[in-house]
Amino acid sequence: MVSTGRLGRAAAIGGAILATLVFLFPVLYMLSISFKVPRDIFTVPPRWFSELTLDNYTSYFNQARILPRMLNTVIVAAGSAIISMVAGAMAGYALSRMRMRGAGVVAGLILASRAVPPIALVVPMFLVARRLGLTDQYITVILAYVTFLVPYVVWLMRAFFRSLPPELEEAAMIDGCNRFGAFFRIIVPCSLPGLVSTLIYCIILAWEELLFALILTNDKAVTIPVAIAGIAADTEHGGLWGPLAAVGVLTVLPVVIFALAVQKYLVKGLADGATKG
Amino acid sequence: MGPALVLLAGMLLYPIIYTVWVSLSDFDLATFQPSGWVGLRNYQAVLADPGFLQSLKVTGVYLVIALPLQMVLGFALAFLLNVEWRGRGLLRALFLIPMVVAPVVAGGVWRMLLDPLWGVVNYALGLVGVGPVEWIGDPTLAMVSLILIDTWRWTPFVVLIASAGILALPTDVYEAARADGAGRWRILRHITIPLLVPVVAAAFVVRWLGAVKMFDIALAATKGGPGQATDVVNLYIYEKGFRGLEFGSASSMATVVLLITMIITYFLFRLTRRLENRW
């Protein structure tokens, strides 16, 4: 992109590292709490460690069934993110390109559906799920999440598609591709950074969602945020900040690993130079 | 197009209609069903409820300060993170973490950091001679804290989307502009900003809709207090519905919030479209 001098580059990198550290400070603090013994957590002045402990990681690990709940969360997040990406990206493409009457209105309505307070949605969803005998099932949670992910996907992908020049798929269609071919062979590869970013966002939203999971599950399909809320509600043992921080660290890890794994797709769009000549 | 619409209609229209229906009825807690029709009585009560009006005001203040702050900060950071070097992938991944920390845990960690007695923030301020600051206890500072925590949590979203938008900028246009002798400022103003407008607008609208619904962080960090200083409207509705079990008035409030949000969102759409067409 905009080329900067050697000095400007160094300053930008320094700034980026500094900003990351500032944003990570609360997370590092959480990480430190997760290895602290209770008497080190609340001290004046703040103290580093008098001794290191793994108790916080082990104490609730089995009781709160962290592993199966982690698996549930992965299934629910991956399922809802993939369904939403497929449905939402195609809808976003249609809304960005087709000269349909009312496309803007449809796009607006889809997004405006997100204006509904979730508290208003969750009670009727629970009643419907109960009537269909679908409470505490993956599919119920996945569909509930799809409803709130699809509008975001449509809206973000529509913006990313709009920033691609229409000549791209026009050229492909002249070369004998149909709309679908042009979409999958040209548009999807060219908007990979947008697709990957939107996918990461969907995974994160589904990963940390609490309200729907709390109401729609009770045992089999319980996700990590519900388990965390359970630990937080356990006031019998006083403030459980050590275990909460430990579970917090454990839930962050998979997402960071996933984000690192998909980083290589978050590269310069392939549209570069495609419109040249 | 089709599948998305069917899903949305099924999973959204029914709940909305149901909510409006509950808002016009008494709610029978024994059967967990709406019972008698009461017309607009719930709405009258809600609109005369000073607590509800106060929570709307609090939400407005939070939105007006937090959203522009997060957008500007997010795009600035995305440009910084875009400079090519080996570590930028790692930084981008690490930058996602604040969004992933469960709200209950994030709120708790921030409460600890900001605690007036043994919090790390006040300890650091004390070292440079700034006296103990009542971050959560003072009404104004509680709002500052809430905005601070929300900005910490959601600026990474703007960074994520902005990074993708910046990556998709076509380099050949820049080469052409530079060949024509355009300066950095002119390139920013006439190429970068116009090309990014759709992505900026989309990120803003998505963040706006997320922020309107914010309540988990307020619940975990400040519990809406002190008094009602950080009692955002969704927290107020949540407390009414799930603590007070007043589902009738909770539903009326939800409907009122829905209406207000729809109207503002509509104007945001119009503004977005005008911006997109202008450049």
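Helix 10 of chain A and helix 8 of chain B cross in a left-handed sense. The model in which they are seen is predicted. The axes of helix 10 (residues 192-208) of chain A and helix 8 (residues 139-167) of chain B come within 8 Å and cross at roughly 160°. Angles over 145 degrees count as roughly antiparallel, and helix 10 of chain A and helix 8 of chain B are therefore roughly antiparallel to each other.

**Residues at the helix crossing**

- Helix 10 of chain A contributes P193(A), G194(A), S197(A), I200(A), Y201(A), L205(A) and E208(A) to the meeting of the two helices.
- On the side of chain B, helix 8 contributes R153(B), W154(B), F157(B), L160(B), I161(B), A164(B) and L167(B).

**Nonpolar cores**

- The largest nonpolar core holds 161 residues, and the members that touch the most others are M30(A), Y145(A), Y201(A), F212(A), Y62(B), F157(B) and V232(B).
- Helix 7 (residues 138-162) of chain A gives the most to this core, with 17 residues.
- Because domain 1 (1-53) and domain 2 (57-275) of chain A both supply residues to this core, the core lies between them.
- Beyond its neighbours within four places in sequence, M30(A) is in contact with A245(A), G248(A), V249(A) and V252(A), and also with V101(B), V105(B) and V109(B).
- Another core, of eleven residues, lies apart from the largest one, and its members include Y43(B), V233(B), V256(B) and V257(B).

**Backbone at D136(A)**

- D136(A) has a positive phi of about 60°, although this residue is not a glycine.
- The loop between helix 6 (118-131) and helix 7 of chain A contains D136(A).
- D136(A) has 10% relative accessibility and so counts as buried, the cut-off being under 20%.

Technical notes:
Residues numbered from 1 in each chain as written. Chains lettered and ligands numbered in written order. Predicted model: local features only at pLDDT ≥ 70, side-chain atom pairs only at ≥ 80, totals over all residues. Heavy atoms only, no water. Core = buried A, V, L, I, M, F, W, Y, C linked by side-chain atoms within 4.5 Å. Buried < 20%, exposed > 50% of the residue type's maximum accessible area, 1.4 Å probe, protein only. Helix = DSSP H or I, 4+ residues; strand = E, 2+ residues; numbered from the N terminus. Domains from an automatic or database assignment. Contact = heavy atoms within 4.5 Å. Axes fitted to C-alpha atoms, helices over the stretch in contact; angles between N-to-C directions. Parallel < 35°, antiparallel > 145°, perpendicular 65-115°, else oblique. Left-handed = near helix turned anticlockwise from the far one by under 90°.
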